[in-house]
Amino acid sequence: MATNHGVVYMGPNKVEVQSIDYPKMQNPQGKAIEHGAILRIVSTNICGSDQHMVRGRTTAPKGIVLGHEITGEIIEKGKDVEFLDIGDLVSVPFNVACGRCRACRERNTGVCLNVNKQQPGGAYGYVDMGGWVGGQANYVLVPYADFNLLKFPDKARAMEKITDLTMLSDILPTGFHGAKTAGVTVGSTVYIAGAGPVGLAAAASAQILGAAVIIVGDRQAERLAHAKKVGFETVDISKHDRLGEQIAQILGEPVVDAAVDAVGFEASGHGSKGEAAPAAVLNELMDITFVAGGLGIPGLYVVEDPGAPNEDAKKGMLKVRIGKGWSKSLHFHTGQAPVLQYNRQLMMAILHDRIPIAKIVNATVIPLEQAPQGYQDFDKGAAKKFVLNPNGLIKAA
Ligand SMILES: NC(=O)c1ccc[n+]([C@@H]2O[C@H](COP(=O)([O-])OP(=O)(O)OC[C@H]3O[C@@H](n4cnc5c(N)ncnc54)[C@H](O)[C@@H]3O)[C@@H](O)[C@H]2O)c1
Ligand SMILES: [Zn+2]
Ligand SMILES: [Zn+2]
């Protein structure tokens, strides 16, 4: 049996690459399964969602193997896997979903009812998401493989675009979901809070949905410069405490048709201070969205935040000015993105050169052993999306 190594959370601001068990065909409760596949991982990305855990802002236990953005090759399958074969190259949606419950049957795979004993929704390598082992590793188990996995039609061609296709496991469908649920359509004006990979993926998605103007806001100079370089308008939220005025400088009016929160609960306030302000993005977006417009909210909000700035926020209770949104008839869409709703279409868009997502998020391939450095650089705001290459299968760029 091959040896397996993975990125392990060792407590706040500490991850290590350690030797971990080779995956077994069993669920987190130890029950043997036949619907799973074991993958040799080709690419697996570091995500802002991992950072919430690594910064100690969740209740993630020490010892958890991280990684929910996985692409790999099937090397073993259970006898109930009927429609996939050994050797297939597949994208793994970060949502673990059974394909059989009411939520899955209604395509809401982000809130599957059967893969997590604690609450609806499962994911690999994530706190409170069912205990499925993460895939920042050499090998991983994917349950309900026929349902979850997206097979790339031509393996050789897919490997040529692997740094784009690797974004299908999470950030591209997530950004697309954010833009779509905000109501972005032909001619829309759009504001996206956050110039991290999810914000940029939402911007790229707004572009293919036909938006007229796409503005990305952040306070990290390097990320804003990169967003500008790849073709988006930008606002530096550290320069002003009224986002509407900054938007008016670009659009001639202080409102947009649709807004996306690609930040979540670790938001900082607008203006030069940049203090922790978990509800800042939600309140600003309500302010700048045109009446009857939409807010897509892929940015993560938690029910427990040990590092929150006040007692209420520690329990996930934020000072959201809901009356503002109500009076403007805004709609909100929250939650884990149901990757399966979008990943096939977005795969086709990548394969046919409609969305250069690797370039837009600055995909940067590093070996598994360099994951700790990748986490550190990403935490500091590098304008990069780190893609781990655990088995050396991605050729040097
Ligand atoms: N819903 C989902 O399915 C899903 C999937 C993936 C990621 N996420 C979440 O999306 C969010 C973004 O992910 P990421 O990988 O891009 O993270 P990231 O941490 O790299 O990026 C977040 C960016 O937001 C900026 N920011 C902070 N406060 C801001 C504010 N008030 N206005 C504008 N920008 C601000 C930060 O400077 C940072 O650059 C995270 O919360 C992540 O957990 C959700
Ligand atoms: Zn992710
Ligand atoms: Zn289900």
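## Briefing: the ligand 1 site and some residues to look up

Asparagine 13 sits in the loop between strand S1 (4-9) and strand S2 (15-20); helices (H or I, at least four residues) and strands (E, at least two) are DSSP runs, numbered from the N terminus. This is a predicted model, in which local features need pLDDT of at least 70, side-chain atom pairs count only at pLDDT 80 or more, and totals for chains, interfaces and linings use all residues.

**Around ligand 1**

- Of the 30 residues around ligand 1, Ser49, Asp218, Arg223, Ser268 and Ala337 come nearest; a residue counts as near if one of its heavy atoms lies within 4 Å.
- Proline 197 takes part through a backbone N or O atom, 3.2 Å from an oxygen atom of ligand 1.
- The protein buries 95% of the 870 Å² that ligand 1 exposes when taken alone (Shrake-Rupley method, 1.4 Å probe).
- Helix H1 (48-54), helix H7 (197-208) and strand S11 (213-218) are the elements that give two or more residues to the shell around ligand 1, and H1 has the largest share, with 3 residues.
- Ligand 1 lies between domain 1 (4-170 + 340-388) and domain 2 (171-334), because both give residues to its shell; the domain bounds come from an automatic or database domain assignment.

**Buried residues and cysteines**

- Threonine 44 lies in strand S3 (residues 37-45) and is buried, with a relative accessible area of 0%; buried means under 20%, exposed over 50% and partly exposed in between (1.4 Å probe, protein chains only).
- The side chain of threonine 44 reaches the backbone oxygen of glycine 135 at 3.0 Å.
- Cysteine 98 counts as buried at 3% relative accessibility, and cysteine 104 is buried at 5%.
- The structure holds 0 disulfides (pairs of cysteine sulfur atoms within 2.5 Å).

**Positive phi in loops**

- Asparagine 13 has a positive phi of about 65° although it is not a glycine, and asparagine 13 is exposed, with a relative accessible area of 58%.
- Serine 329, in the loop between helix H12 (322-327) and strand S15 (331-334), also has a positive phi, near 55°.

Definitions and conventions
Residues are numbered from 1 along each chain as its sequence is written. Chains are lettered from A and ligands numbered from 1 in the order in which they are written. Side-chain values use heavy atoms; hydrogens and water are left out. A polar contact is a pair of N or O atoms within 3.5 Å; within protein, one must be able to donate a hydrogen and the other to accept it, and residues adjacent in sequence count only if both atoms are side-chain atoms.
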